[in-house]
Amino acid sequence: MNRRMLTLIVAMAPILIFGLLLSAVTVPYVALGPGPTFDTLGEVNGKEVVDIEGADLHKTSGHLNMTTVSQRDGLTLGQALIFWASGRDQLLPRDLVYPPDKTREEIDEANSADFRQSEDSAEYAALHYLKYPMAVTVESIDSDGASKGKLQAGDAIDAVNNKPVATLEEFQELLKPTKPGEKIVVDYRRKNEPAGTTEITLGKHPDKDQGLLGVNVLDAPWAPFTIDFNLANIGGPSAGLMFSLAVVDKLTTGDINGGKFVAGTGTITGDGVVGSIGGITHKIVAAKEAGATAFLVPAENCAEAKTAEVSGIELLKVDTLEHAVDGLRTLSAGGEPPRC
């Protein structure tokens, strides 16, 4: 081997080694950036994102897009450098996104549970805004409980042993004197079906002497129709506000968005309070790139939202579902809604 070839090999070695490091070595960081957006007034995979069955619906127009943050894990050194240099994505230590005391599966399941809860809260918030009456509502059925096959999630319980119940407290008081093995009669209303009556043999309560019905119930606004949300694999609770707005828009006359392309984010409680979320700047970028001209920002996120370097999109401040609807209607009428 001549000296020239040896010199070339020696010179190339650091470059080759660095190239291997860039492509093979992973770093403990996660890249966060703008994720996909979904129109809650539209369809995904041939299904309505917000599907309401059994009610008279009104035609909608424009968009009410929910927004997401993309997460890229398992980055190589080269990928991390590219994301860092782009200025579009944000690098965070992996432990902040995926705590070391939990598995990835546990975190994903918690996010999915939060998303399912946000769907329930979005339905209750919309029905509360639309002034549907409260009822003792079945939230879930124990998989091996006494009510399995008798009651269903979403049922409204009207009476126990012919005694009317209007609140959760009244329902609980009627169950206190019962015993395991005792039979009770429950009158209920079921969505899109006639009201019914069923006899249930109570199970054994793990902590009390009373019988166990095997249901989780709560006071919630109740309507005789079903509301289903057809977005899969979208974790976290931040879609709640946009889901609620879509329900309200479909069940009321006129377009609450004025036919405009509106996007937004925010958690929501059953009584319509909008809460803060993470990744607001990434979501604003995603909304703008999708075509939105207005973005609904939870009030607590306003200061951070204003740091997003995005032009041509109005940032509207919201703290409740009612204020979000009012703000959008004010905007569509040419008025001045609350802004960040």
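User: Which residue forms a salt bridge with Lys176, and how far apart are the closest N and O atoms?
Analyst: This is a predicted model in which local features need pLDDT of at least 70 and side-chain atom pairs count only at pLDDT 80 or more, while totals for chains, interfaces and linings use all residues. Residues are numbered from 1 along each chain as its sequence is written; side-chain values use heavy atoms, with hydrogens and water left out. A salt bridge requires a side-chain nitrogen of Lys or Arg within 4 Å of a carboxyl oxygen of Asp or Glu. By this criterion Lys176 pairs with Glu173, and the closest N and O atoms are separated by 2.9 Å.

User: Is Glu173 buried or partly exposed?
Analyst: The classes rest on relative accessible area, with buried under 20%, exposed over 50% and partly exposed in between (1.4 Å probe, protein chains only). Glu173 has a relative accessibility of 44%, so the residue counts as partly exposed.

User: How many salt bridges does a search of the whole structure find?
Analyst: One of the linked sets is a network of salt bridges that joins Glu314, Glu336 and Arg339. For the whole structure, the search gives a total of 8.

User: How many residues apart in sequence are the parts tied together by Lys250 and Glu48?
Analyst: Lys250 and Glu48 form a salt bridge, with 3.0 Å between the closest N and O atoms. Lys250 belongs to helix α6 (residues 240–251) and Glu48 to strand β3 (residues 47–48); such helices (H or I, at least four residues) and strands (E, at least two) are DSSP runs numbered from the N terminus. Because the two residues sit in these elements, the pair ties together parts of the chain whose separation in residues is 202.

User: Which strands are linked by the salt bridge of Asp158 with Arg189?
Analyst: The closest N and O atoms of Asp158 and Arg189 lie 2.9 Å apart. This pair links distant parts of the chain, 31 residues apart: Asp158 is in strand β8 (residues 156–160) and Arg189 is in strand β10 (residues 183–189).

User: What is the relative accessible area of Arg189?
Analyst: Its salt-bridge partner is Asp158, which counts as partly exposed at 26% relative accessibility. Arg189 is partly exposed as well, with a value of 27%.

User: What is the largest C-alpha distance between the residues that UniProt marks as "active site"?
Analyst: The unreviewed UniProt entry places this feature at Ser238 and Lys283; UniProt positions follow the numbering used here, feature names are shortened, and annotations may be inferred rather than shown by experiment. Although the positions are spread over 46 residues of sequence, they cluster in space, with a largest C-alpha distance of 10.8 Å.

User: Which residues does Ser238 touch?
Analyst: Ser238 is in the loop between β15 (226–229) and α6, and its relative accessibility of 15% makes it buried. Contact means heavy atoms within 4.5 Å. Leaving aside residues up to four places away in sequence, Ser238 touches Thr265, Gly266, Thr267, Ile277 and Lys283.

User: What relative accessibility does Lys283 have?
Analyst: Lys283 lies in helix α7 (residues 280–290). Its contacts, not counting residues up to four places away in sequence, include Thr67, Ser238 and Phe295. Lys283 counts as buried because its relative accessibility is 4%.

User: At what angle do the axes of α6 and α9 cross?
Analyst: Two packed helices are described by the angle between their axes and the distance between the axes. Axes are lines fitted to C-alpha atoms, for helices over the stretch in contact, and angles run from 0 to 180 degrees between N-to-C directions. The axes of α6 and helix α9 (residues 321–332) come within 11 Å, and the crossing angle is roughly 65°.

User: How many nonpolar residues does the contact of α6 with α9 have?
Analyst: Leu241, Ser244, Leu245 and Val248 in α6 meet Leu321, Ala324, Val325 and Leu328 in α9. Ala, Val, Leu, Ile, Met, Phe, Trp, Tyr, Cys and Pro count as nonpolar, Asp, Glu, Lys and Arg as charged, and the others, Gly among them, as polar. The contact has no charged residues and 1 polar residue, and the number of nonpolar residues is 7.

User: How far apart in space are Thr293 and Gly312, C-alpha to C-alpha?
Analyst: Thr293 is in the loop between α7 and β19 (294–298), and it counts as partly exposed at 37% relative accessibility. Gly312 is among the residues that Thr293 touches. They are 19 residues apart in sequence, and their C-alpha atoms are separated by 6.5 Å.
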